[in-house]
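Student: I would like to go through this model and test each label against its cut-off. Can we start?

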Amino acid sequence: MPKTVLVVAAHPDDEVLGCGGAIAMLVDQGVIVHVAFLADGVFSRTPEPGAQSEEELQLRRATAQKANKILGVKSVSFGDFPDNRMDTVALLDIVKSVEVLIAKHQPDTIFTHHAGDLNIDHRRTHEAVVTACRPRPGHPVKTLLCFEIPSSTEWQVPGSAPFFAPNWFVDISGTLDRKMAALNAYATELCPWPHPRSLQGIEHLARWRGAVIGVEAAEAFILGRHLS
Ligand SMILES: [Zn+2]
């Protein structure tokens with residue numbers, strides 16, 4: 001049972017899509033959960049890098065705070081790596097920012113992106129977290145889990161990147177409603193059905209992952225490493 005969890009996500013909404021049900025369940029069990037976003041999630045929606053309004057950025061951050069409050073997250077932090085352009089940043093700089101987060105929060109468990117996602121920021125985030133989690137003597141992180149993100153993980157093609165083959169499941173039957181409520185806070189990020197990132201698509205995935213393990217709803221992960 002973890003004591004302190006850090007979720008390292010590229011963009012606001014990834015944390016709810018990937019592990020919102022698990023976050024709410026862990027919080028219910030008394031676990032402290034911190035969420036950190038590395039990219040701002042706004043830049044790529046504008047024609048020029050940096051052309052987004054301050055107002056839009058603040059709105060996105062307020063939305064993320066609202067969504068994470070629903071889940072019971074203790075703290076939310078925002079990075080400023082360029083959205084959908086994290087391949088333009090030296091990996092070492094991203095690793096250092098993750099190392100700062102780990103030093104600050106001392107998590108025993110980290111949730112982050114899968115290595116094979118289509119989204120470049122997700123892949124860079126994964127690489128940075130794995131590097132920052134090298135199990136050196138005294139390193140706090142004992143468990144590293146990688147989540148799936150609808151409209152990124154399943155949109156990769158075979159042979160281009162590792163396939164998402166989950167081997168770790170969390171029963172979220174009791175917290176699916178809070179995951180969906182947190183997603184509703186991110187309403188502007190959702191798409192109409194039939195899109196994987198529609199409310200229906202997200203619930204169908206949770207129901208399917210649940211069916212795989214014989215429960216009402218679940219979130220699926222790949223275990224990167226576990227030390228006990
Ligand atoms: Zn994302």
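**Labels and their cut-offs**

Tutor: Gln156 sits in the loop between strand S5 (143-147) and strand S6 (168-171). Helices (H or I, at least four residues) and strands (E, at least two) are DSSP runs, numbered from the N terminus. This is a predicted model: local features need pLDDT of at least 70, side-chain atom pairs count only at pLDDT 80 or more, and totals for chains, interfaces and linings use all residues. Residues are numbered from 1 along each chain as its sequence is written, and side-chain values use heavy atoms, with hydrogens and water left out.

Student: Why does Gln156 count as buried?

Tutor: Its relative accessibility is 18%. Buried means under 20% relative accessible area, exposed over 50%, partly exposed in between (1.4 Å probe, protein chains only). So Gln156 counts as buried.

Student: What does Gln156 touch, not counting residues up to four places away in sequence?

Tutor: Gly116, Asp117, Leu118, Arg123 and Ala161. Contact means heavy atoms within 4.5 Å. Gln156 and Asp117 are 39 residues apart in sequence, yet 6.1 Å apart in space, C-alpha to C-alpha.

Student: Which atoms coordinate the zinc ion?

Tutor: His11 (ND1), Asp14 (OD), Asp14 (OD) and His122 (NE2), at 2.1 to 2.5 Å. Donors are N, O and S atoms within 2.8 Å of the metal (3.2 Å for Na, K and Ca); water is not among the atoms, so sites may look incomplete.

Student: What makes the arrangement around the zinc ion irregular?

Tutor: The four donor atoms subtend angles of 56 to 136°. Four donors count as tetrahedral if all angles lie between 85 and 135 degrees; four count as square planar and six as octahedral if opposite donors are over 155 degrees apart and all others between 65 and 115; anything else is irregular. The zinc site is therefore irregular.

Student: Why are H3 and H4 called oblique to each other?

Tutor: Helix H3 (residues 91-105) and H4 pack at about 60°, with axes 8 Å apart. Axes are lines fitted to C-alpha atoms, for helices over the stretch in contact, and angles run from 0 to 180 degrees between N-to-C directions. Under 35 degrees counts as roughly parallel, over 145 as roughly antiparallel, 65 to 115 as roughly perpendicular and the rest as oblique. H3 and H4 are therefore oblique.

Student: What makes H2 roughly antiparallel to H5?

Tutor: The axes of helix H2 (residues 54-71) and helix H5 (residues 176-185) cross at roughly 170° and come within 8 Å. That makes H2 roughly antiparallel to H5.
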